[in-house]
Structure formats: structure tokens, C-alpha cells
Amino acid sequence: MHIGIDIGGTKTDAVVIDERGAMLQQLRLTTGYGPDAVLQTAVDAVTRVAELAGIRVDEAVSIGIGVPGRVDAAAGRVAHAVNLGVDGLDLGAELSARLGSPVRIENDVNAAALGAYHLLEAEGWPAGTGTDWPAGHEHSMAYLNLGTGLAAGIVVAGRLWRGSRGTAGEIGHIPVDPAGPLCPCGQRGCLELMASGSAIARQWPTEHPQPAQQLFEAAGAGDPLAIEVRTRLLENVASAVRVLVLTVDVDVVVIGGGIASLGSALLDGVRSVLAHRAQESPFLASLELADRVRLMPTGFPSAAVGAAFVGASADADAVELSR
């Protein structure tokens, strides 16, 4: 059995996956705030989901944790997890001591990328370009997380690709408008400021609990500002897809995160932008970008599932997910 935990800013998801890759149990808890509360949330999530699965914690083959912030996966340390109230925490070591079992830590977007990758493995990879995969082809995928911010996780042949300093996939801080607003990273006009939940909040202020949904509804009703903001969002999400394919040439880009709950309205809009750009550029047309984009299924706990794979081995190539 493998246990995976996704610690989010407001909720924590936990899953148990067996040796065949089947998801046996799933649990959701409210996340505490601050280092001690986050630790206790993780302990509760592990122990409770193990109990639901009918096993002791020390019987689990592996335990993996996905957590936001700057994560040193090798050291098991988390820093700058602002939404959790954690500035620096040896989460891996602390949890290992409390649970009596080894615990591996990974950034939540990277964990979600692994979860998405193994879901594609289970369901069968889409052709994407309309051609058969050549013999020996190693599948690659980018998980584009559209939440409060924007970032990506990259998986090649079942393993995370972090880059030389662990910043691979931080495409949210690629400037796309030098005259744009100032980003917290210190640059101007970063992609994250154009295509994320915070981008919507800045351009479409509202008290509605689902700002993106309200934005798309208002645009559909003909509101000029909403149409402008929606158009800018779709164009820049399409730019993020283009960046990922042009830099890493992944087979598939899977869109997830809170904004992905828009469903077909988001996916169809992004594909439409990519198709239009392909009409203007034979080079982009040859890449078949619109065919490479997929949407994460609503409700699938990708980061928790990916965390279970993180715990299973070096990057979790030991088990294969089945739904």
C-alpha cells in the first residue's frame, strides 16, 4: 500500500493506492495554519486514511506528501509556503519522526504532474498528433497548474524533470509584457499576471465565490470588460501551452488547478486560440498544439495520487495507477 497526501491552503487530500495502482481510499480534511497545525493535519490525514484502508501506518510501503511552497525534495524541507503560514519547516523529518515511517516530500504542482501522468498511463495516451507513437517512445507530459498563480510540472518517462536548480516549469515568471504590471518576483508583465486566479481577481474584482465562473458567464452575456478579460486569459493560457511545447516538446499538456473547473469553456477557448494561431503560422500548425491539450478530470485528486508515487520510489515508477 502507498499513501499520498496533498496539503493545500484550505484542504488536505489523502489517498491509499495498492500495489496494482488501484485507489482504495480517499479522504479530505481541513488544513491547519502554521507549522504545528500543518504537521498535525498531515499526521491526521495519514493515520485516518490508513485506518480507512484497514492498515497500520507502518505497514505502508511508502508515504509521500505534496505541499505548496519552495520544496527541497532531497532534504524534505519546505520554505515560503505563504498560504500555509510556513516559512521554513523540515516537514519530511518531522513527519517521519511522528509517524515512525519514512516520508518523502514534493512540491504540490510536481506531485500533481505525476498524478496526471499516471492517469494518462492508465487510460491510454492520446495520439495527440494523430500518428502512432514510435517503438520505444518515452511519453512526456507537462501539467499546467492554473490556480492563484501559474506553474507547471514536467514528467518524462514517469520521472519528474526538475532542472538543474529545481525551477523547471516555473513558466509563470516568464515576462510576456515588459510594460505590464509589477510581479512579486520583481519582473514586469509575467505570464502569471495574465493567466491565473490572481490575474482574474486584479482585472475582474468581485465578491463572487467563483470569480472565474462569474467572469465567463458575464462574458457570455456580452459584458465588454468581461469579454476583454476572458480573451486575455485564454490567449495567455494558450501562450503557456505554446511555451511548454516549444521548450520541452512534451506529448501532452494537461491543464489543472482551480481555473480548470471551468471545464469545456476553458479547454475549447484555449484550443480555439491555438488553432487560430496555427492558421497564421505554418510552423505552429506543424506542432498541432491544439491537439496536445487535455483537461484534468474534475475531482481527481492528482496531487495526492502523485504524492503516493513520489513516495513509492525515486520518482514513483514502481506502480501504475488504475481507476
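Student: Hi! Which residues in H5 meet which ones in H6?
Tutor: In this predicted model, Leu 215, Phe 216, Ala 218, Ala 219 and Gly 220 of H5 are in contact with Ala 226, Ile 227, Val 229, Arg 230, Leu 233 and Leu 234 of H6.

Student: Nice. What classes of residue are in that contact of H5 with H6?
Tutor: There are nine nonpolar residues, one polar and one charged.

Student: And how is a pair of packed helices described?
Tutor: By the angle between the two axes and the distance between them. For H5 (residues 211-220) and H6 (residues 224-248), the axes come within 8 Å and cross at roughly 120°. H5 is therefore oblique to H6.

Student: Is the crossing of H5 and H6 left-handed or right-handed?
Tutor: H5 passes H6 in a left-handed crossing.

Student: OK, new topic: H6 and H7. At what angle do their axes cross?
Tutor: Roughly 70°, and the axes of H6 and H7 (residues 264-280) come within 9 Å. So H6 is roughly perpendicular to H7. As for handedness, H6 passes H7 in a right-handed crossing.

Student: Which residues in H6 meet H7?
Tutor: On the H6 side they are Leu 234, Glu 235, Val 237, Ala 238, Ser 239, Val 241 and Arg 242. Their partners in H7 are Leu 266, Gly 269, Val 270, Val 273, Leu 274 and Arg 277.

Student: How many charged residues does that contact of H6 with H7 have?
Tutor: Three, along with eight nonpolar and two polar ones.

Methods: Residues numbered from 1 in each chain as written. Predicted model: local features only at pLDDT ≥ 70, side-chain atom pairs only at ≥ 80, totals over all residues. Heavy atoms only, no water. Axes fitted to C-alpha atoms, helices over the stretch in contact; angles between N-to-C directions. Helix = DSSP H or I, 4+ residues; strand = E, 2+ residues; numbered from the N terminus. Parallel < 35°, antiparallel > 145°, perpendicular 65-115°, else oblique. Left-handed = near helix turned anticlockwise from the far one by under 90°. Contact = heavy atoms within 4.5 Å. Nonpolar A, V, L, I, M, F, W, Y, C, P; charged D, E, K, R; others polar.
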